[in-house]
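Subject: A structure for you, with notes

Hello,

Here is the structure I promised to pass on. Please have a look at it first, and then read on for what turned up.

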Amino acid sequence: MTEGGGMGVALVGVAAQVVLIAGGAPLLVGLMRQVRAKLEGRVGAGVVQPWRDLAKLLRKERLTPNGTSGLFAVAPLVLAATTLMVVAVGPFLSTRSPFDGVADLFVVVALLTLGAVSLALAGIDTGTAFGGMGASREMTILALVEPTLLVAILALSVPVGSTNLAAIVTATLDDPTRVLSPTTLLAGVALAVAVIAETGRLPVDNPSTHLELTMVHEAMILEYSGPDLAVVEWASATRLLVFVGLLANLLFPWGIATGGSVGLLLLAVLAFVAKTVVLAVGLAVGEVFMAKLRLFRVPELLAGSFLLALLAVAASFFVRVGVS
């Protein structure tokens, strides 16, 4: 295949993963709710219900609380834009992307953090007790989760010698035994805990509650309505699929396309859907049998995950020294 043809397939891959993740994220949330409903003995609203909710919100009127600044209106757009940028540059379907140079660990984590911080600032901007409380809790969790994400993925990058996410995925494909190394196992557990906390799932946060004592993410977006709330809900669902997809591809990269072929891209789509559905269903099943942690116990859990990430970094250097 010529260089121009390879670039064309790479652009098709980027477009495919944007459409797949942007369109599939609400369906993944619907699937998780349906799994929980079945296990709890309820009928459930169906897998496509999140899309119905988004369509209904888009038809409603946009209301803005008195006294809020432009930050309140801009925050949903910042959250959605930063999430879409990560979707476009991340190695979800292919390791060959025209934006490969941007898919750096620090860039991706910074973009995701920018979106979360903008929403927290919007919560404070409303001036309500719930908004401030939710933003305060979100910042506390974020301050503990982001270092864990950075350090855990850094541990995976040490043997590769690069913080580029596509390079880390490619290295695991070239040497599958890396999956069973102490570095990957420790980093995998730390990443899993960080992803659960970052996406507001049990036991850190309960996305289906509106109780004052337990809300975190929901408290920040109580003042949003209509199209703004639709954007926030869609972006939150997309962030969930982004984190689950990154976790799946960093630890189990098999199926991701490494060449410039449409056939490999189709196979990558099937593999990505299978991996993310398995992880999401597993998370939903775990939430049925798990209670939410009391808020003051959450830092203990996140500190434990950060310690595992540090151990993963230490193990990666020991393994590297042993090999050399």
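Let me start with the overall build. The chain has 324 residues, for which a compact globule would have a radius of gyration near 20 Å, and the chain agrees, with 20 Å. That radius is taken over C-alpha atoms, and the globule rule is 2.2 Å times the number of residues to the power 0.38. Along the principal axes, the C-alpha atoms fill a box of roughly 60 × 45 × 45 Å.

A word on the ground rules: this is a predicted model, in which local features need pLDDT of at least 70 and side-chain atom pairs count only at pLDDT 80 or more, while totals for chains, interfaces and linings use all residues. Residues are numbered from 1 along each chain as its sequence is written, and side-chain values use heavy atoms, with hydrogens and water left out.

The fold has 11 helices and 0 strands. Here helices (H or I, at least four residues) and strands (E, at least two) are DSSP runs, numbered from the N terminus. Of contacts (heavy atoms within 4.5 Å) between residues at least 6 apart in sequence, 79% join residues at least 24 apart. Buried residues make up 50% of the chain; buried means under 20% relative accessible area, exposed over 50% and partly exposed in between, with a 1.4 Å probe and protein chains only.

Now the interior. A nonpolar core is a set of buried Ala, Val, Leu, Ile, Met, Phe, Trp, Tyr and Cys residues joined through side-chain atoms within 4.5 Å. The largest one holds 61 residues, of which I141, L165, L191 and L250 touch the most other members. Helix α9 gives the most to this core, with 10 residues. A second, separate core has 19 residues, including A80, L119, A120 and A122. Leaving out residues up to four places away in sequence, L250 touches I153, L156, L165, I168, V169, T172 and L191.

On a 1 Å grid over the protein atoms alone, a cavity is a set of points where a 1.4 Å probe fits but cannot get out; a pocket is an open set with protein on both sides within 12 Å along at least five of seven lines, and lining residues have an atom within 4 Å of a point. Grid points are joined across faces, edges and corners, and a volume is the space filled by probe spheres set on the points.

The largest pocket has about 1,100 Å³ of space. It is lined by 47 residues, and V29, R33, P207, E218 and E233 are the closest to its centre. Helix α1 (3-39) supplies the largest share of that lining, 8 residues. By class, the pocket lining has 24 nonpolar, 11 polar and 12 charged residues. In this scheme Ala, Val, Leu, Ile, Met, Phe, Trp, Tyr, Cys and Pro count as nonpolar, Asp, Glu, Lys and Arg as charged, and the others, Gly among them, as polar.

There are also 4 cavities of 30 Å³ or more. The largest cavity has a volume of about 110 Å³, and among its 13 lining residues L149, I153, L191, F243 and L246 are the closest to the centre. Its lining has 13 nonpolar residues, with no polar and no charged ones.

Finally, a few single sites to look at:

- D228 sits in helix α9 and counts as buried, at 8% relative accessibility. Beyond residues up to four places away in sequence, D228 touches R62 and P76.
- L202 and P203 are joined by a cis peptide bond, with omega about 10°. P203 lies in the loop between α7 and α8.
- G255 is in the loop between α9 and α10 (262-288) and is partly exposed, with a relative accessible area of 27%. Leaving out residues up to four places away in sequence, G255 touches L267, A268 and A271.
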